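Reader: I'm new to this one, could you walk me through it? I'd like to go slowly and ask things as they come up.

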Amino acid sequence: MEIRFATLEDLNDLVSLLWSKAKEEDGELNEESYAVFKEECYNYLFELIFSNDHHLWVAIDDKEIVAHMSLKILKGFPEPDREPRIIGIITTAYLKKGIS
């Protein structure tokens with residue numbers, strides 16, 4: 001399994017992976033919902049890839065994206081005589097069903 005930062009070439013596969021996740025959570029989603037989701041998700045992921053404070057990783061197994069994780073980097077509150085703390089928050093993570 002390969003784990004790496006997501007690239008622009010991964011966007012369509014990531015949108016499909018996230019759609020699978022959404023359908024697992026709400027089985028009533030349909031193709032009309034997908035059209036709206038696809039555009040919003042694609043644009044959001046595009047921005048993440050170029051962000052300096054957000055990082056997006058993918059896990060590839062047999063040439064297929066099977067998982068992703070995104071991490072938001074934040075600076076902590078200023079404190080006297082100290083460097084600001086850097087905080088990382090996992091904003092999303094998903095592993096495709098059946099992958100171990």
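Author: What follows is a conversation about the sheet, the core and the salt bridges of this structure. Please keep in mind throughout that this is a predicted model.

Reader: Let's begin with the sheet, then. What is the order of its strands, and how do they pair?

Author: The sheet is an open one of four strands, in the order E1-E2-E3-E4, and the pairing is antiparallel.

Reader: Which strands stand at the edges?

Author: Those are strand E1, residues 2-5, and strand E4, residues 86-95. Each has a single partner strand, so one side of each is left without a neighbour in the sheet.

Reader: How many bridges hold the pairs, going along from E1 to E2?

Author: E1 and E2 pair over four bridges in the antiparallel sense, and here Arg4 has Val58 in E2 as its bridge partner. Between E2 and E3, which also run antiparallel, there are eight bridges, and His55 stands opposite Leu71 in E3. E3 and E4 are paired over nine bridges, again antiparallel.

Reader: I keep looking at His68. Where does it sit, and what is its bridge partner?

Author: His68 is found in strand E3, and its bridge partner is Tyr94 in E4.

Reader: Is His68 buried or exposed?

Author: His68 is buried, because its relative accessible area is 7%, whereas the limit for calling a residue buried is under 20%. Leaving aside neighbours within four places in sequence, the residues in contact with His68 include Leu14, Leu17 and Leu18, as well as Trp57, Val58 and Thr92.

Reader: Which helix packs on the sheet, and which strands does it touch?

Author: Helix H1, residues 11-25, packs on the sheet and touches E2, E3 and E4. The direction of H1 makes about 90° with that of E3.

Reader: Now the inside. How many residues are in the largest nonpolar core, and which have the most contacts there?

Author: The largest nonpolar core has 16 residues, and those with the most contacts inside it are Leu14, Leu45, Val58 and Ile65. The elements giving two or more residues to this core are H1, H2 and E2, and H1 gives the most, with six residues.

Reader: Taking Leu45 from that list, what is it in contact with?

Author: If neighbours within four places in sequence are left aside, Leu45 is in contact with Leu11, Leu14, Val15, Leu18 and Leu56.

Reader: So what about Leu11, is it buried or exposed?

Author: Leu11, which is found in helix H1, is buried, with a relative accessible area of 0%. With neighbours within four places in sequence again left aside, Leu11 is in contact with Tyr42, Leu45, Phe46 and Ile49.

Reader: And how far apart are Leu11 and Ile89?

Author: They are 78 residues apart in sequence, and in space their C-alpha atoms are 22 Å apart.

Reader: Changing topic, how many salt bridges are there?

Author: The count comes to seven salt bridges. Among the residues involved, Glu2, Arg4 and Asp10 are linked in a network.

Reader: Which salt bridge links distant parts of the chain?

Author: Asp53 forms a salt bridge with Lys72, with 3.1 Å between the closest N and O atoms. This pair links distant parts of the chain: Asp53 lies in the loop between helix H2 (31-50) and strand E2 (54-61), and Lys72 lies in strand E3 (residues 64-75), 19 residues apart. Asp53 counts as partly exposed at 32% relative accessibility, and Lys72 counts as partly exposed at 24%.

Terms used
Residues are numbered from 1 along each chain as its sequence is written. This is a predicted model: local features need pLDDT of at least 70, side-chain atom pairs count only at pLDDT 80 or more; totals for chains, interfaces and linings use all residues. Side-chain values use heavy atoms; hydrogens and water are left out. A salt bridge is a side-chain nitrogen of Lys or Arg within 4 Å of a carboxyl oxygen of Asp or Glu. Buried means under 20% relative accessible area, exposed over 50%, partly exposed in between (1.4 Å probe, protein chains only). Two strands pair if DSSP finds at least two bridges between them. Contact means heavy atoms within 4.5 Å. Axes are lines fitted to C-alpha atoms, for helices over the stretch in contact, and angles run from 0 to 180 degrees between N-to-C directions. A nonpolar core is a set of buried Ala, Val, Leu, Ile, Met, Phe, Trp, Tyr and Cys residues joined through side-chain atoms within 4.5 Å.
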